[in-house]
Amino acid sequence: MNVTIEENRSHPRLPDLLGAYHLVNQAEKGNAVTAVAELPAVYRGEAEDPAAVFTADTVLLATPAGDELPAGCVVLKAPRGGRAPEIKRLWVAPEARRRGIAKALMAEALRRAAASGAAAVRLTVWNWREEPLALYRSLGFETVSSWDERPDLLCLEKTLEKGRDTARAKTAGPTDADRVERLTPDEVRAHASAGLAALLVDAVDGGASVGFLAPLAVREAAAWWSRVADEAAEGVRDVWAAHGPDGDLTGVVTLVRGTTGNGRHRGEIARLLVHRSARGRGLGYRLLATAEAHAAATGLTLLVLDTQTDSPAERLYRGAGWTAAGTIPDYAADPAGVPRATTLYYKRLG
């Protein structure tokens, strides 16, 4: 079936999904309670304020075609202490089961983990949960030595092919056409005058306020990307690109690291671009999530960005759990040269 996957740790439906998960889980463990308020504090916090608890993590929700609200969720925990990222809180509302929602959520979580460069993903599952266990086995998870000694809890791990979407062959969906990879400085230079320049020109032609006025010459766009390649070589900027089935670039995002002595804990998301021909299939969210996961994995604790107020990009950032810090009127001109307001956003990673 068709399922729309979105990342949004602030979605108003999420507390209900997590609350239902924990109530059932407590009952299965023989510690049944009747309300979220009676859950152990650590679980109650997740259900009451998931945006605060999962600040550094990727929270995915799945909405079946034709439905208005998400029917399932899963959390991809950011890697910590050198450990692999961990999948937690996979839950599908009982009335929406047997429709492929859990598999779609797992596939997207695996895609994002692979795109972030993770070598493996791990999870735990109670040995009596036969259906989830069967799903994990079908996706290639194997039992490994326990890192959690609670009785009846199995520890599973799946090895990923670094930087690639290894789950694509097992699932079908609109995002299967786009492969997200981190580009080396040499690869940025190789794509500067063609694919990357084309993305920047397409964004400006489409009215996106990304630092340039229209019409943007390909040569000017290529020169900008060549400077980005130099920054990547210096370790100041990371670049990820999405490749379509024909090898053409369909999207890009960059992460600029703070270089001042008091700002090395933060980074800036810059130039999140998706070609107009590739929009509407969640690629912007995937690129953003990839950069966020890498930032968290490499020690950054705060991300910032700015975007034109009331633009489609602003809606994307709000949906991905970013917080508006304020709006500045007439901050930057749009491609036509008209001054527009800009909203500043931030996101805490830990």
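A charge is taken to sit over a ring if NZ of Lys or CZ of Arg is within 6 Å of the ring centre and within 35 degrees of the ring normal. The model is predicted: local features need pLDDT of at least 70, side-chain atom pairs count only at pLDDT 80 or more, and totals for chains, interfaces and linings use all residues. Residues are numbered from 1 along each chain as its sequence is written, and side-chain values use heavy atoms, with hydrogens and water left out.

**Exercise 1. Identify the rings over which the charged ends of R97 and R122 lie.**

Solution. Step 1: the charged end of R97 is placed over the ring of W91, 4.7 Å from its centre. Step 2: R122 lies over the face of W147, and here the distance to the ring centre is 4.2 Å.

**Exercise 2. Classify the ring pair of Y21 and W91, and locate both residues.**

Solution. Step 1: rings of Phe, Tyr and Trp (its six-membered ring) pair if their centres lie within 6.5 Å; planes under 30 degrees apart count as stacked, over 60 as edge-to-face and the rest as tilted. Step 2: a search of the whole structure finds seven such aromatic pairs. Step 3: the centres of Y21 and W91 are 6.2 Å apart and the planes stand at 85 degrees, so this pair is edge-to-face. Step 4: helices (H or I, at least four residues) and strands (E, at least two) are DSSP runs, numbered from the N terminus. Step 5: Y21 belongs to helix α1 (residues 14–28) and W91 to strand β4 (residues 86–92); the pair thus links distant parts of the chain, 70 residues apart. Step 6: buried means under 20% relative accessible area, exposed over 50%, partly exposed in between (1.4 Å probe, protein chains only). Both Y21 and W91 are buried.

**Exercise 3. Characterise the pair of Y317 and Y345, then relate it to the contacts of T307.**

Solution. Step 1: Y317 and Y345 form a tilted aromatic pair, with 6.4 Å from centre to centre and 45 degrees between the planes. Step 2: Y317 is in helix α9 (residues 312–319) and Y345 in strand β14 (residues 339–348), 28 residues apart, and the pair links distant parts of the chain. Step 3: Y317 and Y345 are buried. Step 4: T307, in strand β12 (residues 302–308), counts as buried at 9% relative accessibility. Step 5: contact means heavy atoms within 4.5 Å. Beyond residues up to four places away in sequence, T307 touches A313, E314, Y317, A341, T342, T343 and Y345; both members of the tilted pair, Y317 and Y345, are included there.

**Exercise 4. Describe the surroundings of V75.**

Solution. Step 1: V75 is placed in strand β3 (residues 72–77). Step 2: V75 has a relative accessible area of 2%, so this residue is buried.

**Exercise 5. Report the backbone geometry at P215, D310 and D330.**

Solution. Step 1: A214 and P215 are joined by a cis peptide bond, with omega about -5 degrees; P215 lies in the loop between α6 (185–205) and α7 (218–233). Step 2: D310, in the loop between β12 and α9, has a positive phi near 70 degrees although not a glycine, and counts as exposed at 64% relative accessibility. Step 3: D330 is also not a glycine, and its phi is positive at about 50 degrees. D330 is found in strand β13 (residues 323–333) and is exposed, with a relative accessible area of 56%.
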